[in-house]
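Colleague: Please take a close look at one part of this model for me: the places where its chains meet. I would like to know what lies on each side, and what the parts behind them look like.

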Amino acid sequence: MSYLIGAYGFAIVLLAGYVIYLVRQARSVAARMDEVEEGGPAAG
Amino acid sequence: MRAYLRVAGAVARKDLRTELRSREMLPALGQFVVLALLIANFGFDVGTGGSRIAPGVLWLTITFAGLLAFGRTFAAERDQASLEALLLTPASRAAIFAGKALAAAAVLAACEVVLVPALGVFFGTPVLSLPLAAALVMVTIGMAGLGCLFAAIAAQTRARDLLLPVLSLPLWVPFVVVGGRAVQVALGGGGELNGALALLLDFDILFVVVASLAAKFVLDD
Amino acid sequence: MAPRADLLRLAAVADALLLLLATGLVVFYAPADAVQGVVQKIFYLHVPAAIAAYMAFAVVLVGGLVYLWNESPAADRLARAAAEVGLVLTTVTLVMGSIWAKPIWGTYWVPWDARLVSTLVLWLIYAGYLLMRRIATPGRQAARFGAVVGIVGFIDVPIVHFSVTWWRTIHPPIETAAPGALPPAMLLTFAISSLAVLLLAAVLIGYRYRLEALRERLAAALDR
């Protein structure tokens, strides 16, 4: 039973971690994009 | 086809002549081989039977010597910016690649000429063994084909020393698995050798063809 | 070419529900295996993750071939996205398989199992692919290198599998629990979980693709 929980636990943490990573990356790139589009030359 | 062979031969001769003139890589590789065996001599428990661990030592040494040798073939050209000059000639990319891979294979083979007797001295394995020589020749050809393909990629990026082992070693696994078995048999492990050699020949053909086809895309611009 | 945001969101929501259903089936519906006990339930994520990873790497292969053919940046972006998702799924496969092997085979790692070794090599190849993509300066050359590594790597994997199988035939055989035909309840659970994981892989690749496209737009905007 502990093997089962360990295996699924690892998989869920890894996949959830990857989803969180994607979301955060997407947010930070989108925020940067807004900055660049609004700020013009100020955002070097 | 004749033009292809002529270009490949010329490039291989050029590389080997440069090496013979500068005498940089071969002495370094020879020293590396002896040092690797010395480390293995103390790292492994030789008391349990030197000839049983010898195939593994041979393989570790060959793969890492191969990385050194193949890495240099393109890195040196890159440092002197002579790769660009070579690529400006109308010669086909595949022929240039074949020439460089051939020279690299010859360098690794020279390294094995040091390795096998040294292994005999340190681990008591047979030195003059036709099966061993056959297995090593097969393995060297295939490893050089794949290794030079990734060396060409790695040389054109930053941090090429990091990239070459990471790309080459996983793809060499078929050679390590089948060649490893062939070397074990050749060094007296018992078993049948012809099947392994035939398989290595198949791998050689496959990967040399694949690497030649891919060379065109790797050696562009 | 880019997947539409609303479609992607719809797929993500549908997949979340599907994953929930699959979890319910695995926990409450699928019977414990007569021989292996509950540990066998690792199979419901382990195998679909492996299938999805292979499909993702097949996408890398096709993306690479298309790129070499017409230099479409979209094909390369798709290949890169699929390589990363495939690597995550391969990690899931490897670790779950290793944990399963401990109680069933008595060891985490069996060097003569062709599937184990070829999955590890698969992982190493695409980890190398992604490292190369990070090191190489983005552009046509990096995309071409990626295509070559993606294609040659994909060719290598079945050969590794074959090599280890060959190696094993000349070695003392080992006992493995041969799975018989699956009872219907297990089959249904497996089918649903496979569907859920495959859709998850597709959704992740879709989002990863959009992220990559956004990054490229940002880089282009910064260049101006």
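**Where the chains meet**

Modeller: In this model, 24 residues of chain B are in contact with 26 residues of chain C. Three helices of chain B each supply at least two residues of the side that touches chain C: H7 (160-171), H8 (173-189) and H9 (194-218). H9(B) gives the largest share, six residues. By class, this side of chain B has 17 nonpolar, three polar and four charged residues. Keep in mind that the model is predicted.

There is a second contact. Here chain A brings 19 residues and chain C brings 23 residues. The side of chain A that touches chain C has 16 nonpolar residues, two polar ones and one charged one. Two pairs of chains are in contact, and chains B and C share the most contacts. Chain A and chain B do not touch. Their nearest C-alpha atoms are 23 Å apart.

Chain A has 44 residues, and 11% of them are buried. One helix and zero strands make up its list of elements.

Chain B comes next. It has nine helices and zero strands. Along the sequence the pattern reads α-α-α-α-α-α-α-α-α. Of its 221 residues, 48% count as buried. Take the contacts in chain B with a separation of 6 or more: residues 24 or more positions apart account for 82% of them.

H7(B) has twelve residues. From first C-alpha to last it reaches 17 Å, close to the 16 Å expected at 1.5 Å a residue. Which residues of H7(B) are buried? They are B:Leu163, B:Leu164, B:Leu167, B:Ser168, B:Leu169, B:Pro170 and B:Leu171. An α-helix has 3.6 residues a turn, so residues three or four places apart point the same way.

Last, chain C, the partner in both contacts. Begin with helix H3 (residues 73-105) of chain C. At 1.5 Å a residue, its 33 residues should span 48 Å; its end C-alpha atoms are 46 Å apart, which agrees. Is H3(C) largely enclosed or largely open? Of its 33 residues, 24 are buried, so H3(C) is largely enclosed by the rest of the structure. C:Gly106 follows H3(C), and its phi is positive, near 85 degrees.

Then turn to helix H6 (residues 184-223) of chain C, where C:Leu204 is found. Why does C:Leu204 count as buried? Because it has 25 C-beta neighbours inside 10 Å, and the cut-off for a buried residue is 20 or more. C:Leu204 and C:Leu214 are ten residues apart in sequence. In space, C-alpha to C-alpha, C:Leu204 and C:Leu214 are 15 Å apart.

To put the contacts together: chain C touches chain B and also chain A, while chain A and chain B do not touch.

Definitions and conventions. Residues numbered from 1 in each chain as written. Chains lettered and ligands numbered in written order. Predicted model: local features only at pLDDT ≥ 70, side-chain atom pairs only at ≥ 80, totals over all residues. Contact = placed C-beta atoms within 7 Å. Nonpolar A, V, L, I, M, F, W, Y, C, P; charged D, E, K, R; others polar. Helix = DSSP H or I, 4+ residues; strand = E, 2+ residues; numbered from the N terminus. Buried ≥ 20, exposed ≤ 12 C-beta atoms within 10 Å, placed from the backbone. Expected span 1.5 Å × (residues − 1).
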